[in-house]
Amino acid sequence: MQWVIIVVILVVVVAFIALTVKVVPQQRVGVVERLGKFNRLLNPGLNILIPVIDQVRVYHDLRIQQANVPPQTVITKDNVQVQIDSIIFYQVVNPEQATYGISDYVYGVRNISTATMRQIIGKLELDETLSGREKISNEIRIALDEATEKWGVRIERVEVIDIQPPTDIQESMDKQMKAERNKRAIVLEAEAAKQDMILRAEGDKQSKILKAEGDKEARIREAEGLRQAQELEALGQAKAIEAVAAAEKQRIELLRSAGLDETVLAYRSFEALEEVARGPANKVFIPSNAVETLGSLGAVGELFKEKKKG
């Protein structure tokens, strides 16, 4: 009998401790009600309650949560039914409001998201819907923030996962996409051919320009060489004439220094001419205007011979 009493006491003590001591893990918060009225929040760690009087209404997870919104069929502005699948990321920032502001904030977030999505998609055409995922996500998040602010819930992000148009429209879009790809391929091929022709023409042009420049340079160098050769030849001839003139000048100076005048020099020249004419095959032609000069030179010759004998 005593063992039974001890066991009952132990059970009561354990139950008392279980009702009195509450250990809350990190990133979780408990809402405590005292006699049915909100009293306080249980923070992470060890917390003491008054048994029977204090009760934990609910625990809230303060980490960012995600809620999958079931696929919704909505109608666009151009009367096309599309199926949209989205996901919502939220966080409880006020556990008291999340407990007493709405019965089920997750369900409320999903319903507001669905209603807002229908309103947004109803203002967009199909092409705008397919290409405007970011715009749709931002507008849904703004609408949810306005509604959930009173619930102690903050919407972190809304993502539109998939947008599915009807099958026939999807097939038409696939055909259009293939046609567009073929068009781009043809355009790219034509552009490549155009660039190839341009590059070839540019290369041919540059080749001709370089060849013309080379021919021009060759002609310039050839003309320059010819000019220099002519200048050198003229310079050589001028030097030769200058040397002959200098030699002739020196010879005349030597003759003058020997006492021979111009008449004697002329006579010596005709003596040399006489020696040349003595050859059997030599003929000397004397101009008519030189006969008078020869006559006078004959007299000079006689005087010269007499002078030589004396």
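Mentor: Let's talk about salt bridges and then a sheet. This is a predicted model, where local features need pLDDT of at least 70 and side-chain atom pairs count only at pLDDT 80 or more, while totals for chains, interfaces and linings use all residues. Residues are numbered from 1 along each chain as its sequence is written, and side-chain values use heavy atoms, with hydrogens and water left out.

Trainee: OK, how many salt bridges does the structure hold?

Mentor: There are 13. The term stands for a side-chain nitrogen of Lys or Arg within 4 Å of a carboxyl oxygen of Asp or Glu.

Trainee: Which residue does Asp54 form a salt bridge with?

Mentor: Arg40, and the closest N and O atoms are 3.8 Å apart. This pair links distant parts of the chain, with Asp54 in strand S5 (residues 54–61) and Arg40 in strand S3 (residues 37–42), 14 residues apart. Helices (H or I, at least four residues) and strands (E, at least two) are DSSP runs, numbered from the N terminus.

Trainee: Is Asp54 buried or exposed?

Mentor: Asp54 counts as buried, at 5% relative accessibility. Arg40 is partly exposed, with a relative accessible area of 24%. Buried means under 20% relative accessible area, exposed over 50%, and partly exposed in between (1.4 Å probe, protein chains only).

Trainee: And what does Arg133 meet in a salt bridge?

Mentor: The side chain of Asp162, at 3.9 Å from N to O. Here too, distant parts of the chain are linked: Arg133 is in helix H5 (residues 133–148) and Asp162 in strand S8 (residues 153–164), 29 residues apart.

Trainee: How far apart are Asp196 and Arg200 in helix H6?

Mentor: Four residues, about one turn of the helix, which covers residues 167–257. Asp196 is partly exposed at 36% relative accessibility, whereas Arg200 is exposed at 61%. Elsewhere, salt bridges that share partners join Arg34, Arg40 and Asp54 into one network.

Trainee: Switching to the sheet: what order do its three strands have?

Mentor: S3-S2-S5, in an open sheet with antiparallel pairing. Strands pair if DSSP finds at least two bridges between them. S3 and S5 are the edge strands, each pairing on one side only.

Trainee: How many bridges do S2 and S3 pair over?

Mentor: Five, in the antiparallel sense, with S2 spanning residues 28–34. Arg34 stands opposite Lys37 in S3.
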